[in-house]
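I opened my notebook to look up a few things in a structure with several chains. I wanted to know how its chains are built and where they touch.

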Amino acid sequence: MNLTEFFAMSGYGAYIWSCYGLTAAVLIFMAWRARSELRAEIVRAQRRVQVAEQRE
Amino acid sequence: MQSDSAAMRSDTPSSSMSVATAGVGPARTGLMRITSLVIVRDVKLAVRHLDQVLQPLVFFAIVVTLFPLAISPVIDELRKISAGVVWVAAMLASLIALESLFRADVEDGTMEQWVLSGQPLSLLLFSKTITHWLLAGLPLVIAAPIIGTGLGIPVSVWPVLMGTLAIGTGSLSILGAIGAALTVSLRRGSALLALLVLPLEIPVLIFGARVVDLAMHGEPVTGPLNLLAAMLLLFLSLGPLAMAAAMRISVES
Amino acid sequence: MTSNTESEVTAAPRSGSRWLWFHKLSSPPYAFRTAGNLRPWFFWPSLILMAFALYGGLILAPPDYQQKDAFRIIYVHVPSAILSLQVYVVMAVAAAVGLIWRMKLAHALAAAVAPLGAWFTFLCLATGSIYGKPMWGTWWEWEPRLTSELIMLFLYLGFMALRNSFDDLQRADRAAAVLAIVGVVNVPIVKFSVQWWNSLHQGPTFSKLDAPSMTASMAWPWGLMMLAFVLYFAAVTCDRLRSEILRRERNASWLAESLRSR
């Protein structure tokens with residue numbers, strides 16, 4: 001089976017690859033979003049701690 | 001006894017509240033008494049605004065009317081979808097009345113009293129749910145045969161139609177009350193209420209519509225009807241607890 | 001605010017070390033650290049497993065007699081479907097634990113996994129629809145799995161919408177928890193009624209979106225992919241949980257320590 005056949009997937013290529021592509025996109029987005037949210041929350045928390053410490 | 005009837009005649013919520021908590025003798029008023037007090041007080045309050053009571057009914061009629069206009073005036077075609085249309089319209093009409101179920105009491109502080117009163121909150125809220133059913137469910141049950149005729153539902157099906165709707169709208173009221181308790185403290189909770197409650201009501205819709213459909217084809221309805229009744233029993237037993245939990249969360253400050 | 005931490009289940013452990021693990025687990029700083037440590041152990045193995053599953057599913061497994069290559073979509077469709085349900089259960093159980101035992105961490109977990117479950121539900125619907133086009137000829141059919149997944153999506157969206165409507169995080173957690181419990185009780189009823197409704201009208205011969213009867217070479221990539229999805233979900237949950245913990249721990253002193261040691 002060569003590369004062209006692989007991508008064509010006996011005619012169902014568009015369906016299969018859009019499914020896998022969509023899945024990959026959603027999974028990547030999930031992980032990326034969680035990571036960036038966490039980083040933002042950590043920054044926010046650090047600021048809060050700083051403010052609290054300054055008050056003391 | 002005299003002070004009780006005087007309090008019941010007055011219509012401010014707090015006075016009937018004190019009736020409920022004051023009790024006839026020892027600290028705990030009888031549960032049946034509480035239930036009836038709440039129902040009577042709510043019905044009396046509602047009857048003063050009769051137009052508001054009729055709103056769900058009119059809404060029901062309007063929604064049903066939309067379908068012939070949207071699809072076709074041919075009765076034979078409408079008959080095929082009539083069971084479903086009546087049920088969907090009933091679900092939506094039930095929602096209309098839910099928005100005001102708890103709101104007035106929460107806003108004037110009565111609900112806080114109820115939460116603190118030491119009386120079982122689930123029973124108090126369930127009593128209000130019964131009122132909702134009496135004022136928004138029962139009218140639908142009675143009106144459905146007449147309105148359903150417009151969709152081609154034959155008279156022979158009327159008993160089944162009314163019976164199914166009676167059971168089903170009970171479930172709808174309970175599920176709706178849970179949603180109403182969850183959203184009562186939110187500023188624009190009505191759209192959210194629909195979003196929360198309608199998916200939960202889908203099984204009621206499926207079985208209820210199916211019963212009416214079967215009846216229209218002259219087939220036995222016991223299977224789905226039993227399921228509908230079983231669901232009502234389930235919601236009756238667990239619903240008030242969920243309502244009370246939700247209300248406590250909504251009302252606490 | 002600090003009084004909340006007192007009522008947390010981080011007080012002195014009860015008799016013996018039997019409950020120690022539970023108390024440790026329910027302590028936010030411990031959970032924060034542990035989630036951070038565990039994440040790479042979930043994430044990288046999941047990617048490796050996915051690679052193997054993809055190789056097995058896309059290349060090694062032979063085309064099906066009837067569906068030709070189209071069946072390969074199940075390798076992403078079915079894990080999404082299963083996870084969308086499992087995550088709801090996790091969410092509801094966590095919410096119930098949070099409500100009954102007043103454990104902020106449990107509420108944090110419920111909040112953490114909700115959007116993930118919603119994404120898996122969306123994926124299941126989207127891949128199911130795409131799968132359906134060549135199979136049935138239409139982009140949508142009211143078949144049991146897709147219909148109940150659609151209802152699940154509404155339940156997830158309702159949960160997240162209710163949570164977002166409250167300004168106070170604690171009230172949001174608790175109200176959403178009640179909804180999640182009511183929802184999870186209804187899920188079996190919904191699934192049963194949808195299955196029943198569908199079988200009435202379509203009949204048993206209607207082909208659902210299921211794989212053809214699987215040979216061994218078809219099956220193992222599926223198992224691997226399922227495991228990979230679960231690990232991936234666990235990895236993302238670690239990050240989400242840590243975010244939700246931070247959102248709920250405003251003035252706790254452990255924050256300073258933990259963040260410094262990052």
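These are my entries, in the order I made them.

**Ground rules**

I am looking at a predicted model, where local features need pLDDT of at least 70, side-chain atom pairs count only at pLDDT 80 or more, and totals for chains, interfaces and linings use all residues. Residues are numbered from 1 along each chain as its sequence is written, while chains are lettered from A and ligands numbered from 1 in the order in which they are written.

**Confidence**

I looked up the scores. The model has ipTM 0.90 and pTM 0.86. Then I checked pLDDT, the predictor's confidence in each residue, from 0 to 100. Chain B has a mean pLDDT of 86, with 88% of its residues at 70 or more. For chain C the average is 84, and 81% of the residues score at least 70.

Where does chain B score below 50? I found that over residues 1–27 of chain B. Helix H1 (residues 2–9) of chain B has the lowest mean pLDDT among the elements of that chain, 40. Helix H9 (residues 158–183) of chain B has the highest, 95. In chain C, pLDDT stays under 50 over residues 1–11. I noted a caution here: where pLDDT is low, the predicted coordinates should not be read in detail.

**Helices and strands**

I counted elements as DSSP runs, numbered from the N terminus: helices are H or I with at least four residues, strands are E with at least two. Chain B has eleven helices and zero strands. Chain C has nine helices and zero strands.

Next I looked at burial. A residue is buried if 20 or more other C-beta atoms lie within 10 Å of its own, exposed if 12 or fewer, and partly exposed in between, with C-beta atoms placed from the backbone. Of the 253 residues of chain B, 47% count as buried. Of the 262 residues of chain C, 47% count as buried.

I also checked contacts, meaning two residues whose C-beta atoms, placed from the backbone, lie within 7 Å. In chain C, among contacts between residues at least 6 apart in sequence, 79% join residues at least 24 apart. For chain B, residues 24 or more positions apart make up 78% of the contacts with a separation of 6 or more.

I took the expected span of a helix as 1.5 Å times one less than its number of residues. Helix H3 (residues 28–60) of chain C has 33 residues, so it should span 48 Å, and its end C-alpha atoms are 45 Å apart, which agrees. Where does H3(C) bend? I found a bend of about 30° at Leu38(C), and a proline, Pro40(C), follows within four residues. A bend here is the angle between axes fitted to the seven residues ending at a residue and the seven starting there. Among the buried residues of H3(C) are Phe32(C), Arg39(C) and Leu49(C).

Helix H11 (residues 222–251) of chain B has 30 residues. It reaches 42 Å from its first C-alpha to its last, close to the 44 Å expected. H11(B) has a kink of about 40° at Leu238(B), shortly before the proline Pro240(B).

**Where chain C touches its partners**

I began with chain A. Chain C brings 29 residues to this contact and chain A brings 25 residues. H5(C) gives the most to the side of chain C, nine residues. That side divides into 17 nonpolar, three polar and nine charged residues. For these classes, Ala, Val, Leu, Ile, Met, Phe, Trp, Tyr, Cys and Pro count as nonpolar, Asp, Glu, Lys and Arg as charged, and the others, Gly among them, as polar.

Then I turned to chain B. This contact takes 20 residues from chain C and 19 residues from chain B. Which element of chain C gives the most here? H7(C) does, with twelve residues. By class, this side of chain C has 14 nonpolar, four polar and two charged residues.

**One last residue**

I stopped at Arg102(C). It lies in the loop between helix H4 (74–101) and H5 of chain C. Most residues other than glycine have a negative phi. Arg102(C) is partly exposed, with 15 other C-beta atoms within 10 Å.
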